[in-house]
Structure formats: C-alpha cells, structure tokens
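Here are my notes on the model, as numbered points you can check off against the viewer.

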Amino acid sequence: MKKNIKNIIAIVFILLTGTTLKAQDAKYIGAMQSGLKMFSEAKTSADYVAASNQFERIGTQVKTEWLPFYYAAYTQLINNTTLTNTDEKDAAMDKAQELIDKAAAINPKESEIFAMKGYIKFMKIYVNPMARMQSGMGAAITDLETAKALNPANPRPYFILAQNTFYTPEAFGGGKTAAKAKFTEAAAKFDAFKTSNPMMPNWGVERNASLLAECK
Amino acid sequence: MKTILIFLILLLIIGESQAQTLIIGSVKDAKAKPVIGASISIKDSYDGTSTDSLGKFSFKSSESGEKIVLFSAVGFGMDSVKIVLSGTPLNLNLVLKEKLNALNAVTITAGSFEASDSKKGVVLSSLDVATTAGAVADVYAALQTLPGTQPAAAESGLFVRGGAATETNTYFDGLLVKNPFNTQLPDIASRGRFSPFMFKGTTFSAGGYSAVYGQALSSALILESKDLPEKTTTDISLMTVGAGLDQTIRFKNSALSFGGSYINLKPAFSVLKQATDWNHEPTSAGGTVTYKLKVAKTGMLKSYTEYSKSDVSLNTNDLNTQAKSFFSNDNKNLYTNLSYQDYIGNDWKINCGFSASNNSDDGEQAINNYGRTDRLIQAKATVTKYIGQLSTIKFGSDFLSSHRDESWNGLSRSYNDKLTSAYAESDIFLSNDLVARIGLRAEHSSYLNQNNFAPRVSLAYKTGKGSQVSFAYGEFFQNPDDQYLVQTSNLDFQNATHYMANFQKMKDGQTFRIEAYYKKYNDLVKSAPNLNNNGYGYAKGIDLFWRDKKTFNGVDYWISYSYLDTKRDFSNYPSAVTPEFGAKHSLNIVYKQFFSKLKSYVGATYSVASGRPFYNPNATEFMSDKTKPYQNLSINVSYLTSVFGKYTVIYASVSNLPGFKNVYGYHYSNDGQFRESVQPPALRNIFLGMFITIGDNTYKN
C-alpha cells in the first residue's frame with residue numbers, strides 16, 4: 001500500500017506538471033491557431049489588424065517564440081494591400097518592420113525572418129516607387145539573399161524576388177519574361193519544401209503558381 | 001485508492017475550467033473619436049482582443065485577481081489600466097493619446113517648399129526637381145516653376161517675391177555657397193553649378209526661414225547632399241553639349257567618387273540659330289571629388305570638392321557708338337566643403353561644417369581689362385537637443401570670411417569682411433497639432449562694423465487630417481552687394497521683414513496650398529547721389545499651388561500661380577517703382593507622365609508671365625513701360641533602355657517648342673535714340689543626351 005501511495009504520488013506529480021506544461025503549450029498553440037484562423041478568414045483591414053494584434057499579444061506573452069511576431073508582421077504586410085491611403089500604408093509597413101525586428105531579436109538566424117524583412121522593404125518601396133526605388137532596392141535584395149543563404153530550401157525568398165521582378169516595369173529590368181524563370185525556380189523550391197510543424201510558414205505556393213500562369 | 005484517483009481527476013478538471021470574466025468597452029482618442037484596430041490585452045496572459053470598426057471590444061478572460069490591461073494602436077502610444085477580475089462583467093472606456101511623431105505631427109510650411117524622398121508630407125521629391133521639363137536638370141530653373149518665383153531667362157538666379165536675384169542664397173549642407181552659378185554673361189541666364197542628383201533633400205524657402213541661415217533677404221535654397229551611395233558604379237554622359245564620366249567606388253563604410261566633364265556649346269550653337277554674336281562659344285572643363293564616410297553607428301562625414309574652368313567671348317552692340325563691343329570671360333572656380341554630423345547619446349546631435357571657395361573672372365570688356373576674385377571661408381557648428389519626441393532646441397555659430405578683389409585696367413580695389421554669427425532656435429510642440437518655432441540670429445560684420453539682431457517666429461496648427469495653417473514672421477539681414485562693398489565700408493546691413501500666412505491641404509496624392517505674404521524692405525543700398533542705405537520698398541502677394549497625382553491615372557501635374565505687387569527705391573532709382581524683376585502674374589503648369597509600354601517618361605512645362613517693367617529714357621515716367629507677356633512651352637522625354645546590357649537613359653528636351661518670341665527688356669543708347677531688345681540667344685533650345693550607368697556588383701551588403 002505504502003509503495004502504491006508512493007507510486008500514485010509520483011504519477012500524480014508527473015500528471016500535474018505534465019498538465020501545467022501542456023496547459024501552457026496548449027494555450028500557446030490554441031492562441032496561435034485562433035490567430036491563424038483570424039488571419040485566414042480576414043477580409044477587411046480591421047480583420048487583419050485584429051489578427052496581427054492577436055499574434056503580437058502572443059509574442060509579448062511567450063517572449064521566446066519568433067513565430068507570433070513573424071505572423072504579426074506578415075498580417076500587417078497583407079493589411080497594407082487592403083489600404084489605399086499612402087500614410088496608412090506607410091504606418092502599416094512601419095508596424096510590420098517593428099514586429100519583424102522583434103522576431104529577429106528572438107531568432108537572429110532564421111531564413112523566414114530575413115525573407116519577411118526583405119518583403120517588408122519591397123512593400124515599403126511600392127508605397128512610393130518613384131522616390132524609393134533607387135535608394136531602397138539594395139537593402140531589400142540583401143535581406144532576401146541572406147534568407148537564401150540561411151536556408152537554401154526556403155522557397156519564399158525566391159518567390160518574393162520573382163514577384164518583385166514581375167511588378168517591376170520592363171524598363172527597369174523587370175517584366176513577365178524576366179519573372180517567369182524566377183517563378184519557375186521558386187515553384188521547384190515549393191515542391192520540395194516540407195514544414196517541420198504545421199504552424200511554420202508555408203505560404204506563397206498558390207500565388208507563385210498563379211503569377212507564373214500569368215507569365216505564360 | 002479509487003477515491004483518491006477520482007479526487008485527483010476532479011482537481012485537474014477544476015484546474016482547467018476557472019471562472020471567466022467578460023470585459024467589454026471602447027477605445028477612443030483624445031477627441032473622442034473611436035480608435036479602430038486597437039489591441040487590448042491582459043498583461044502576462046494570452047487574453048485580449050482588438051477594437052472593431054466602431055472602436056468597441058468584448059472578450060472573456062479566465063484570469064482572476066488584480067491585473068493590468070494594456071492597450072495600444074498604430075499611430076498611438078501604449079497605455080494601461082488596473083482592473084480586478086472576479087467574474088463580474090467589466091465595462092472599460094479607454095482613451096488613447098496620439099503618439100507624438102513625425103508621421104502625424106504638424107510641420108512648419110509657411111514660406112517653404114521641400115523636396116525630399118525620406119520625409120513624409122513633402123510636396124516634391126528630389127526626382128521632381130531633376131525631371132521638370134524646360135529645366136534640363138538645373139535646380140534653379142526647376143524651382144522657377146514653383147509659386148513665389150518668376151521666369152528669369154535673362155538673368156541668373158531666382159527672383160523671389162519681388163526680391164532681386166542677389167537676395168536668394170544657396171546653402172550646401174548648411175554652408176553658404178558664394179558662387180552657385182556658372183559664368184555670368186550679359187543678359188543670359190547661367191545654370192547652377194550643382195547637379196540635382198547630388199542631393200537627397202532640397203528646401204526652397206520663399207521667406208520666413210530658420211535662424212540657422214543668414215545673409216539672404218528674400219529666399220534660401222537649402223541643399224542636403226546624399227548619404228553613402230549603395231554601389232560601385234560608373235556613369236557616362238554623352239550630350240550634344242559635351243561629355244562626362246563619373247566613377248563611384250563603394251567601400252564597406254565609405255565611398256569615393258570622382259568625375260570629370262567637358263562642355264562645348266559650339267556644335268549645338270552652330271545648329272540652333274543664335275541671336276547672340278558669339279566669338280568663342282562657351283566651353284568649360286571641370287572635375288569633382290566626393291568622399292563620404294560613415295563614422296561608428298550614427299556619424300556621417302561628407303566632403304565635396306569641385307574645380308572648373310570656363311571660357312567664353314562674344315560681341316555685343318554698343319548702342320552709343322553703333323559699333324560691336326567685345327566681351328570675354330575666363331572663369332576659374334574652386335569650391336570645397338566638409339561636413340560632419342553625429343548623434344551623441346539619445347538626445348543630442350551635432351552638425352559642423354567648413355567650406356572654402358575661390359572664384360575668379362578675368363576678361364575684356366570693350367577695350368578694357370577687368371578682373372574679379374571672390375574668396376569665401378566658412379566654419380559653422382550647430383548643436384541640437386531633442387526634447388521629448390519632437391521638440392528641439394538648437395544653437396550654433398558661424399563664421400564667414402569674405403573677400404573680393406576687383407581690377408579695371410590695372411587699377412584695383414578690394415574688401416575683407418569677417419561676419420560672425422550666433423543663433424538659437426527652438427521647435428516647441430505643444431501637441432501633435434500645434435508647433436511654435438522661435439529663433440534669434442545675431443550677426444556682426446567687421447567691415448561694416450555693424451550688428452544686427454533678427455528674431456524669427458513661426459507657428460503651425462493642424463486643422464484636420466492633412467490640412468494645416470501656418471504663420472511666420474521674421475527679420476532678415478544681408479550685407480550690401482559686393483559691387484558696393486568694394487567702394488565703401490560706410491554702409492549698413494540691408495533689412496527685410498517678412499509676414500506670411502499659409503494654408504495647406506494634402507490628401508491622397510493631391511496638394512493644395514495658398515499663401516499670402518507681406519514683405520517690407522528697409523535700408524536697401526542706393527547708389528545715387530552717393531552710396532547710402534536710404535532705399536526701401538515692399539512686396540505683397542498671393543501664391544497658389546495645386547498638385548494632383550490622383551485624378552488622371554499615371555499623370556502627375558502641378559499648377560502654380562503667383563500674384564505680386566511690389567515697389568522699391570534702390571540702386572540708381574529716382575523713386576519707388578516696380579523693378580524689372582516684378583512681373584505681376586506668373587503661372588506655371590508642369591506635367592509628367594510615365595508611359596510604361598514605351599518605357600518613356602514624358603514631361604511638359606508651360607509658363608506664362610505678365611510683362612516686366614523696363615527703363616525707357618524717352619518715357620515721361622521712370623520704369624513705366626512694360627514688355628509684352630512672356631510665354632514658354634518646353635517638353636522633355638526620357639527613354640529608359642539598355643545599351644550593351646547597361647542601364648541607359650536617353651534624354652531629349654526642347655525648350656520653347658512653339659517658338660514664342662520673348663523679349664525680357666530693352667537696352668537704350670544714352671541719348672535714347674537707339675534701342676535693342678534683350679532676347680534669349682536662341683529661339684528654341686534642343687538638348688540630347690545619353691546617360692549610361694554601369695553598376696558593379698563586387699560590393700554587396
């Protein structure tokens with residue numbers, strides 16, 4: 001009996017600590033899943049901001065995970081595409097920049113973070129391309145090249161660069177012909193890419209395919 | 001055993017399902033407007049939500065006890081309140097303060113037009129200055145399409161709000177440029193020496209400018225040079241008027257550029273029929289060296305040196321003798337500047353600079369030899385302290401040593417002046433919507449042995465989203481022109497008092513500005529009966545500006561209109577009249593469009609101005625005659641392509657395409673018997689150029 005009680009205490013102890021650990025994890029996963037759901041269902045700018053806020057809250061709470069801040073930045077980037085006022089677009093991109101910097105502070109060697117950094121810089125240029133193109137392109141490309149170097153299997157830096165070529169006027173070295181080869185390269189990378197975890201970044205494949213189709 | 005297990009399982013279940021508290025409420029700004037997309041969270045938990053389109057929120061929290069609610073939004077600060085969670089629903093009415101930041105704060109706009117790529121809420125970009133049709137990348141010609149200025153085709157420089165060209169000064173990284181124009185020729189406008197592509201920011205102030213700048217009665221043109229270039233590049237320019245080569249080498253934390261150019265107008269002038277009787281068409285050769293160094297994290301050192309030499313000679317008609325009169329000019333210009341800026345700690349910034357220039361003109365005028373040398377040395381230092389998010393206080397000092405030497409057939413005269421100045425200025429943000437700038441500048445001239453004190457005040461108030469009103473008042477002093485100073489030191493500073501009120505509205509690619517001003521001149525130099533400071537005058541008017549990038553897809557245009565009423569008694573005038581640079585109405589329409597399919601950037605500028613007064617010795621009243629109105633339509637096309645795989649721009653511009661016959665004024669013989677009109681050298685000017693950039697990718701990061 002005594003032995004039994006000891007065993008029970010041990011089991012309960014394991015069970016209890018397991019539950020608290022699990023509860024933390026479950027809370028984090030639950031909150032992330034609800035954030036991802038908000039993101040996937042978002043239609044208006046307010047929806048994207050709400051999703052971004054959700055991710056930012058999670059990031060602030062867990063402190064050691066880069067994914068929440070990464071998604072908080074990504075939702076702000078997508079939010080930018082729903083806006084028309086240039087000041088608001090700039091504000092959204094500045095916020096995205098602030099959030100991705102927080103992600104980078106947690107994990108300074110993550111390929112996905114560098115890809116997002118470059119993407120944000122491109123989007124910032126698109127707000128006022130005439131004025132920002134010349135001075136901003138170099139830094140954006142540098143981030144994306146870093147993203148490639150950190151993880152050559154990550155398809156997103158390839159896709160982001162291809163997309164930039166697609167939207168750059170032919171006169172400035174862009175256009176569909178130039179973009180086609182890049183989308184094709186990105187498509188191969190997307191085909192080979194596997195995520196280790198369902199919450200890890202896994203976006204871009206559909207858009208890459210549809211833009212590639214437009215190049216044909 | 002069983003009971004223990006059941007008990008434990010129960011415990012676990014209870015542990016997972018605690019009591020939840022409903023929290024509802026709203027977030028508003030200081031003006032009680034709902035804040036959309038604000039984030040609300042319970043500190044140290046996952047619980048929280050965002051406000052909806054009405055600024056309302058609602059969420060449940062399973063936390064309990066005393067907690068802190070954090071709330072924030074883009075464009076606002078972060079704030080917090082304490083709450084107690086006990087299961088009883090809570091209703092929170094939260095108020096967020098707008099963050100004081102450059103994005104939404106009011107800016108002082110009275111008097112000034114700023115072209116910048118990095119700052120928000122500016123009217124122009126650097127590219128606008130470089131691509132205005134008719135200007136052919138001359139900063140000064142481009143600025144003549146802005147309100148407050150007027151077309152000046154027969155003179156160098158900017159005529160701003162009834163001021164003479166000498167009343168506008170140019171500042172390069174904060175330092176005064178004594179000779180910003182190429183060789184000065186009789187009755188022909190010269191281009192500026194500096195390429196607009198060198199600058200990241202250009203501020204054109206038609207009045208009421210900062211106490212940091214002195215020695216300009218009417219207007220200040222403030223040029224801020226670019227920081228480190230991104231890449232190592234080679235730029236080749238081939239033009240109908242000459243050729244240039246620039247090499248930029250980028251190192252890790254620094255960059256070195258050097259370049260040279262040779263300009264010869266003879267081939268172009270042989271095709272374009274010239275009214276001017278050229279003897280030796282203008283030629284010039286020059287070189288530049290630029291060095292930029294990033295010092296530690298925040299410091300930036302910049303240096304720029306330019307040397308050029310130009311020659312020209314021509315024949316003018318001497319109306320008194322009815323014979324040709326020879327004029328030649330040989331100009332040598334050396335300009336160098338060095339500036340350093342850095343942040344010290346979080347809230348201090350220093351700017352210091354040094355510049356030196358030597359400009360000499362020698363030549364013949366009729367049968368006489370003339371010579372003129374200007375030397376300027378300047379040292380300047382400004383310290384800025386940041387207070388809070390936006391407010392600043394700055395103070396500084398500058399020292400200008402200027403020298404002029406003039407000779408005429410072996411006779412010579414000269415003067416030396418040491419001008420010592422001190423200034424202090426504070427930008428005080430009373431809120432995001434209200435800013436006051438209060439400044440004082442004091443100067444002492446050793447040559448004149450005089451002091452001046454110039455208080456300046458500006459106010460700006462944000463009246464709504466994108467709209468604001470500004471007011472400015474200021475005293476401005478300037479030394480008499482060199483031509484007078486070499487004759488006597490018995491003169492005083494000239495003075496102008498500016499008052500202006502401005503309204504500006506910017507929204508979605510459209511900008512509207514209206515500004516009314518009154519300017520009073522005192523102590524202007526008169527050259528008769530002897531040199532004295534008894535001149536005076538006034539200028540008042542209204543400037544309008546409308547820019548629209550939105551209405552027509554891909555089209556960007558602006559319209560500027562200036563109304564000017566001015567009179568002055570100065571120089572050799574017998575009474576106060578409207579001077580020759582006082583056209584009553586000036587209108588400019590500037591149009592730009594990018595044709596993506598054609599890879600071409602097309603621009604057009606149409607300018608019209610009412611006639612200018614001129615002196616007719618036969619008229620009963622002084623300066624009562626006026627020329628006919630001035631008109632000009634210029635177009636340019638930039639075609640983007642590649643040559644041998646290198647990024648290339650092919651540029652063509654035609655000024656005065658319809659061939660309007662403009663007359664800027666008349667020269668009379670002393671007896672009034674003969675007159676000759678002042679005209680541009682050619683009816684139309686055509687310019688073709690090819691600019692190739694070879695980017696070397698050896699350096700990355």
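1. Start with helix 3 of chain A. At 1.5 Å a residue its 16 residues should span 22 Å, and the end C-alpha atoms sit 23 Å apart, which agrees. (The expected span is 1.5 Å times one less than the number of residues; helices are DSSP runs of H or I with at least four residues, strands are runs of E with at least two, and both are numbered from the N terminus.) Of those 16 residues, 13 are buried, so helix 3 of chain A is largely enclosed by the rest of the structure. Buried here means 20 or more other C-beta atoms within 10 Å of the residue's own, exposed means 12 or fewer, and partly exposed is in between, with C-beta atoms placed from the backbone.

2. A word on ground rules. This is a predicted model, where local features need pLDDT of at least 70 and side-chain atom pairs count only at pLDDT 80 or more, while totals for chains, interfaces and linings use all residues. Residues are numbered from 1 along each chain as its sequence is written, with chains lettered from A and ligands numbered from 1 in the order in which they are written.

3. Chain A as a whole has 9 helices and 0 strands. Buried residues make up 39% of its 216 residues. Among contacts with a separation of 6 or more, 58% join residues 24 or more positions apart; a contact means C-beta atoms, placed from the backbone, within 7 Å.

4. Next, helix 4 (residues 86–106) of chain A. Its 21 residues should span 30 Å at 1.5 Å a residue, and the end C-alpha atoms are 31 Å apart, which agrees. Its buried residues include A:Lys89, A:Lys95, A:Met93 and A:Leu99. What do the buried residues of helix 4 of chain A pack against? They meet helix 2 (45–62), helix 3 (67–82) and helix 5 (111–127) of chain A.

5. (Axes are lines fitted to C-alpha atoms, for helices over the stretch in contact, and angles run from 0 to 180 degrees between N-to-C directions.) Residues making the contact include A:Phe183 and A:Phe190 of helix 8 of chain A, and A:Leu211 and A:Leu212 of helix 9 of chain A.

6. On to the cores. The largest nonpolar core has 61 residues, and B:Leu143, B:Tyr171, B:Tyr213, B:Ala220 and B:Leu223 have the most contacts inside it. (Such a core is a set of buried Ala, Val, Leu, Ile, Met, Phe, Trp, Tyr and Cys residues joined through C-beta atoms within 7 Å.) Helix 3 (residues 139–143) of chain B gives the most to this core, with 5 residues. Apart from it lies another core of 60 residues, among them A:Tyr71 and A:Met116.

7. Most residues other than glycine have a negative phi, and most peptide bonds are trans. B:Ala528 and B:Pro529, however, are joined by a cis peptide bond, with omega about 0°; B:Pro529 lies in the loop between strand 27 (510–526) and strand 28 (532–548) of chain B. B:Met623 is not a glycine, yet has a positive phi of about 55°, and with 20 C-beta neighbours inside 10 Å it counts as buried.

How values were computed:
Two residues are in contact if their C-beta atoms, placed from the backbone, lie within 7 Å.
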